[in-house]
Each structure stands twice: as structure tokens, then as C-alpha cells.
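Let's take a walk through the charged side chains of this model. Have the sequence and the structure open as you read.

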Amino acid sequence: MAARPAKNAIFEQFAADGITLMFGNPGTVEQGFLDVLEDTPAMGYVLALQESVAVGIADGYARATAGPALVQLHSGVGLGNGIGMLYQAKRGHSPLVVIAGEAGVRYEAMDGQMAADLVAMARPVTKYATRVTHPGSVLRVLRRAVKLAMTPPRGPVFVALPMDVLDELTDEPAVPSTIPRRSTVPVAEDLDRAAAALAAAENPVILMGDGVSVSGAQDELTRVAEALGAPVWGVDNSEVNIDATHPLYQGQLGHMFGEHSAEMIKDADAVLIVGTYVFPEVFPLLTSPFRPGARVVHIDLDDYEIAKNFPVDVALVADPKPTLAALAARLKPSGRPLADRPVEDHGDSMMDLFCAELARRAPDGLVVFDEALTASPALTRHLPGRTPGGYFATRGGSLGVGIPGGIGVKLARPEAEVVAFTGDGGSMYTIQALWTAVRYGVAARFVICDNRRYQLLDDNLEQYWRERGVEAHPHPEGFDLSHPEIDFVRLARSLGVPAVKVDKPAKVESAVGRMLAEPGPFLVDLVTT
């Protein structure tokens, strides 16, 4: 391989790995390779006006394509701005390859402007973080980054690229990264143990999460659930892991309080955990939520998460898809009837009216990105996630993923109708993402569920009061977003996105029609109070 500057060679490596887009926000110490990018027609650059937006768009893109997605951040300040979204990506196992420049190895002792230990900053919010210090290893390290990001359990990785290292010559060849296959199945003895533990149960329960989706194991999970007649609860569940209209699907466990999760499994004499960690609440129980004597089977490719907090009886570090298939083959139908799900009162709230109209008029293949939070129950009543790739929810606890996430999904799936829901508070973390949608002609639709406050904080505080016997009183002033009122229509238009405010039921039908007919991005300010 002929020697060439490493700043040129990195684009050969990205091309070898099929990476055609870089999401980022430019900076001085990245200018060398960004200048080369301009003469690299195979690589497109998606400019965001703030680093958290770049990471959020890449996160949505990686989820819709199964990754990897490439993110460029600007040294320590840009990495700092993106850390919240990187935490979201880590918790959600998004395969992001994040690069950031720095002034140079030769300046390390000078402690100059923007000097920071980038690897130390990135390590808590990534699966792996490193720094290249020699031009002869630049491509090797990038391949390692792609490999680690894409190997289950997937996750974001970080590589610091000093400017002087990239300016040096390298003769490394650019070859595709090797992604290890982890389609592993337990030995027959362990499968028999798992099947026996589950088959003997009178009241089994299944807890599942996004490892099912990564594995493509939705059908296999459904077969096991039907054989057991077991209710299925979502835990770390932000994609379609089972048809949300299936009679056995019960919805999501709570993500805030361990008592809620414990209530759903307290009577189970056998629990199958697959593709998730347990339990993910902000305030988890410190004692085991499992019934004494309950048999617990845990299947996941993330060995760290199995029995992390509570012992299990059968621990299988294995790929959910072939493992569930093997379990289903060992299970005889329990004979338990699949009870019809209760008919829900959909109500006539503004959110219900809007989502019902969208469900009525949306084309086949609609993709929903759900950061509606407290408005999400109404959304999923009318637009439940039914097919893989048709529904993505926020995960990881970072506000602001809704708008950039919708843009990322639409970039990955330009043929699909993509509607992203967010809250008024969450939208203001990343509202500048609308500018990026206009710049690149990304015809995603955005709905702001506008209740003029951080409603989730209200709800959680009320739970806190109940648990501690505190008499109800006015919520903190800091939860209120009503003053001054945010004019989302004017704000969207200032960023180039046409928008409409829907504050009366009579406006719903025309707003949905206009949103779906718009050739480019469109925003609806849906007043839900």
C-alpha cells in the first residue's frame, strides 16, 4: 500500500466499512481531515448546530440501519456537549463510532487551549475509548472501533485523533473491519435445564428487552410466550420486540420505582429474562423482587448483565434468536388460553384525537419515534409498535432525542413516513436539529406534545410524596414552562420548517392532513393541556 497522509487514509477505511455519512459539528483541530472530506465524494457530511444534535441524529440512524454510524465531535468542548446523548447511546446499545480531533501529541506537555483528557471524558459513556498516537495504527484502531461498536452487546466507542498524527504518512491498508459472529446456542444440557424450569411453572412471566430486536428474535420470543402462556413485560424495551397488540404483551415495567416492577412479577414462579438487564429503575429495590423459590432463566449476549444484581438459576450467555428457537422446540403448549386484552377507553384528549387521526390517515410503513414521555400512552394506544423497524422509543434518560432521532431514522429510511413525537421541554434541548432537517431536505414530521411543563417531574414528585407520607402541595416553580410562552410555530419557521399550532379539536384533522402532505419537514405544536 502506497503511503498517504492518515487524514486521507481514514476515509478509505470508512469506505471499506460501508460508512457513507459523518454526523458532526466542525472545529479547528478537525479541520485537516474535514478539508479532505470535501474531496471525498463517497462520504457525506451532515452538519448539526450542536454536538448533542449530531449524536442524537446518529443514534436514530444507527437504530434504523443497525449501524454503525459515524460521529465527529470537536475536541473536549464538543465531546462535553455530546456526553448526555452518548450516555443515551450507551444505555441503548447504539453502535456509534465517535471521533474527535485534538491539537496534537507534540503539544501534550503544553497544557494549551482546549487541552483535555478526551479518553477519560469519554470512557464513562462509551463501550470503549482510546487515542491514536502513531500514524501506523490509525486504521487498525478505527477497525477495532467498528468491531467493538458492532459486536453485541453493541455500544458507542470513542477514538481521539490528534491532528499531527493524522498529518503523518501511513502505509496501512484499508480493509473491511471484522465483526465477530455471536450466533451462539447453549449446549443441550443447559437448554434442557432452562426448558424444565419454565415448563414446570404454573404462573410464568417473561421480561424482555432490545436484545431481542438486535437478534431478530421477535418470532421466536412470541412462540416461547405462547407455548408457556406467559405474560410478556418490556423492561429495557424501546423497539418492537413483540407485536404490541399481542394478547400476551402487557406493556412496559416502570422505569422509575422498583416497587412497580416488583408488583408485576411478585406471583411468578418462573421468570424468563431475555435480551435485557434487570432492573433498570432510577430507584430500584435493593432486595430481590422475585418470589422466594421462583426459577429464573436469563438469556443475553451481555454476560455482565446476567445475575448482575440478583442470582438466577439458569444463566445463558447466548444469542436470543437461536436460543429461543431451541427452547420453543422443547416446550409443549401449556394449554393456558390467551386472554383477550381489555378494551381501553381511548378518551378524547388532544393527544388521543391527534394520534387517532394519524393512525387513520398514515400510509403503510409509518415509522414512529416516541419521546412523548407522559403523552406516550395515548400515542401507543393508537399507534402501537407492531413490526420491527416501525417504532423507536427514547431510552437512557436523556431528554431531547425525539427531533434528532426522527431525522436520523428518516435519513436511514427515506422511503418511509417518519413522525417523531417529543415534549415541549425535551424539544428545547435540540430544537436546532430542525435546521439540519431543512438543510438536507429530510422530510420527517415532528409533533411537540405541549403541556407547558416538565410533567414527568410532576408525576415522579407525587409518587415521592405518597411514598413518604408528604401532604400534596404545589409543584416546584422550576417544573413550569408556561412563562414566557414558547412560540414553537415561529421558532420552527425561523429555522426553515413550516409549522402549525393545534390547540382545539377542530384543528386536528387539517393539521394531520397538512403534515402528511408537506414535501419537506413539518412541525405540529400540539397543545395537550
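Start with Lys507, which counts as partly exposed at 33% relative accessibility (buried is under 20% relative accessible area, exposed over 50%, partly exposed in between, with a 1.4 Å probe and protein chains only). Its partner is Asp503: the two side chains meet in a salt bridge, 2.8 Å from N to O (that is, a side-chain nitrogen of Lys or Arg within 4 Å of a carboxyl oxygen of Asp or Glu). Asp503 is partly exposed too, at 34%.

A word on the ground rules: this is a predicted model, where local features need pLDDT of at least 70 and side-chain atom pairs count only at pLDDT 80 or more, while totals for chains, interfaces and linings use all residues. Residues are numbered from 1 along each chain as its sequence is written, and side-chain values use heavy atoms, with hydrogens and water left out.

The count comes to 25 salt bridges. One of them joins Glu239 and Arg63, at 3.0 Å from N to O. Glu239 sits in the loop between strands E10 (232-234) and E11 (249-252) and Arg63 in helix H3 (residues 51-65), so the pair ties together parts 176 residues apart in sequence (helices, H or I, of at least four residues and strands, E, of at least two are DSSP runs, numbered from the N terminus). Glu239 is buried at 14%, and Arg63 is buried at 8%.

Now for a lysine without such a partner. Lys410, in helix H15 (residues 402-412), is buried yet has no salt bridge; Glu417, the nearest side chain of opposite charge, is 5.4 Å away (Lys and Arg count as positive, Asp and Glu as negative; His and the chain ends are not counted). A polar atom of the Lys410 side chain does lie 2.5 Å from the backbone oxygen of Ala416.

Methods
Polar contact = N/O pair within 3.5 Å; in protein donor to acceptor, adjacent residues only side chain to side chain.
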